[in-house]
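Please read it alongside the sequence and the structure shown below.

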Amino acid sequence: MDRDRVNQQFEASRPRLRALAHRMLGSYEEAEDAVQEAWLRVDRAGATGVDNIGGWLTTVVARICLDRLRARRSRPEDTSGRLPERRDGAEPAGPEDEVLLAESVGAALLVVLDRLAPAERVAFVLHDVFAVPFDEVGAVLDRTPEAARQLASRARRRVQGTAPAADLDIGRRREVVDAFLGAARGGDLDGLLAVLHPDVVLRPDAEAVRLGSFAETHGAGAVAALLRGGASAARPALVGGLPGLAWAPGGRVRGAIAFDIVDGCIVEIHVVGDGDELVRLDVVVLDA
């Protein structure tokens, strides 16, 4: 693979790699350093014979983060339990600002992740947050896929045992969002109704409405009827650190959907089109 193409693919993957490193390391500065170190390694090694450059870059960054987590644990000044950094210095979202709930939950998750062993944290972040298959997770950790599955499962139990499962069960949230997306794209009305709370509310912001989103809509039947057959251009994403959807034509995020999920049901759907809000929510497309 020629150098220019590797450069292009690395830059296209940079937001996802930075987000992955941030969830693993809990620090924006360390995440940037890890991604830069990954680029230096890629630049030295080249990408000859690499078919899946995105997956390869994910592996490189994950191994760098694993090494840093292990080194951190061995130091007496280990910073486990520290509060995660906020890029804009803003206070966590209040209950009246529901679209930012995902951001505060994502911050809470980072605190919990700091209490995991390095291998557990890497397995959980790769699989539950970024949907990396267990055979690839095992390759990063030099473990079998089954051993990687057990590490992620142990981490998941610890995460859910430390904070309310309704807030931090990332795997379950992803399943719900994936089911929603599949049903919407497939025009499956019953599938949509199965994941929507009877009193679900669809809430677009003003910019989303201006760009063509539906108006605020209440009730599972009405919301399902509106969304049936839609979302064809939506892509899986992290929205505020949690599973959601995004529109990113040409690689630039133009809109996102954040979900409030309780007991496996979607209770609110927030359609975000405002550019400043998209920056705050740190939207990262996962299948880039």
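Ile53 lies in helix α3, which covers residues 53-74; helices (H or I, at least four residues) and strands (E, at least two) are DSSP runs, numbered from the N terminus. This is a predicted model, in which local features need pLDDT of at least 70 and side-chain atom pairs count only at pLDDT 80 or more, while totals for chains, interfaces and linings use all residues. Residues are numbered from 1 along each chain as its sequence is written, and side-chain values use heavy atoms, with hydrogens and water left out.

**Surroundings of Ile53**

- Ile53 counts as buried, at 3% relative accessibility; buried means under 20% relative accessible area, exposed over 50%, and partly exposed in between, with a 1.4 Å probe and protein chains only.
- The C-alpha atoms of Ile53 and Val6 are separated by 7.7 Å, although these residues are 47 residues apart along the chain.

**Aromatic pairs**

- The count comes to two aromatic pairs, where rings of Phe, Tyr and Trp (its six-membered ring) pair if their centres lie within 6.5 Å, and planes under 30 degrees apart count as stacked, over 60 as edge-to-face and the rest as tilted.
- Phe10 and Trp39 form a tilted pair, with 4.9 Å from centre to centre and 45° between the planes.
- Phe10 lies in helix α1 (residues 3-25) and Trp39 in helix α2 (residues 28-45), so this pair ties together parts that are 29 residues apart in sequence.
- Phe10 counts as buried at 1% relative accessibility, and Trp39 counts as buried at 16%.
- Phe180 and Phe259 form an edge-to-face pair, with 5.1 Å from centre to centre and 70° between the planes.
- Because Phe180 lies in helix α9 (residues 170-186) and Phe259 in strand β5 (residues 255-262), the pair ties together parts that are 79 residues apart in sequence.
- Phe180 is buried, with a relative accessible area of 2%, and Phe259 counts as buried at 4% relative accessibility.

**Largest pocket**

- The largest pocket has a volume of about 600 Å³.
- On a 1 Å grid over the protein atoms alone, a pocket is an open set of points where a 1.4 Å probe fits, with protein on both sides within 12 Å along at least five of seven lines; lining residues have an atom within 4 Å of a point.
- Grid points are joined across faces, edges and corners, and the volume is the space filled by probe spheres set on the points.
- The lining of the largest pocket consists of 29 residues, of which Pro15, Gly251, Val253, Val283 and Val284 lie nearest the centre of the pocket.
- At least two lining residues are supplied by each of α1, α3, α13 (275-281) and β7 (284-285), and α1 gives the most, with nine residues.
- The lining divides into 14 nonpolar, seven polar and eight charged residues; Ala, Val, Leu, Ile, Met, Phe, Trp, Tyr, Cys and Pro count as nonpolar, Asp, Glu, Lys and Arg as charged, and the others, Gly among them, as polar.

**Salt bridges**

- The count comes to 16 salt bridges, a salt bridge being a side-chain nitrogen of Lys or Arg within 4 Å of a carboxyl oxygen of Asp or Glu.
- Glu37 and Arg41 meet in a salt bridge with an N to O distance of 2.8 Å; both lie in helix α2, four residues apart, about one turn of the helix.
- Glu37 is partly exposed, with a relative accessible area of 25%, and Arg41 is partly exposed, with 31%.
- In helix α9, Glu175 and Arg172 lie three residues apart, about one turn of the helix, and their side chains meet in a salt bridge at 3.2 Å, N to O.
- Glu175 is partly exposed, with a relative accessible area of 48%, and Arg172 is partly exposed, with 38%.
- Arg203 forms a salt bridge with Glu216, with the closest N and O atoms 3.3 Å apart.
- Arg203 lies in strand β1 (residues 196-204) and Glu216 in the loop between α11 (206-210) and β2 (217-218), so the pair ties together parts that are 13 residues apart in sequence.
- Arg203 is partly exposed, with a relative accessible area of 29%, and Glu216 counts as partly exposed at 46% relative accessibility.

**Cysteines**

- The count comes to zero disulfides, a disulfide being a pair of cysteine sulfur atoms within 2.5 Å.
- Cys65 counts as buried at 0% relative accessibility, whereas Cys265 is partly exposed, with a relative accessible area of 21%.
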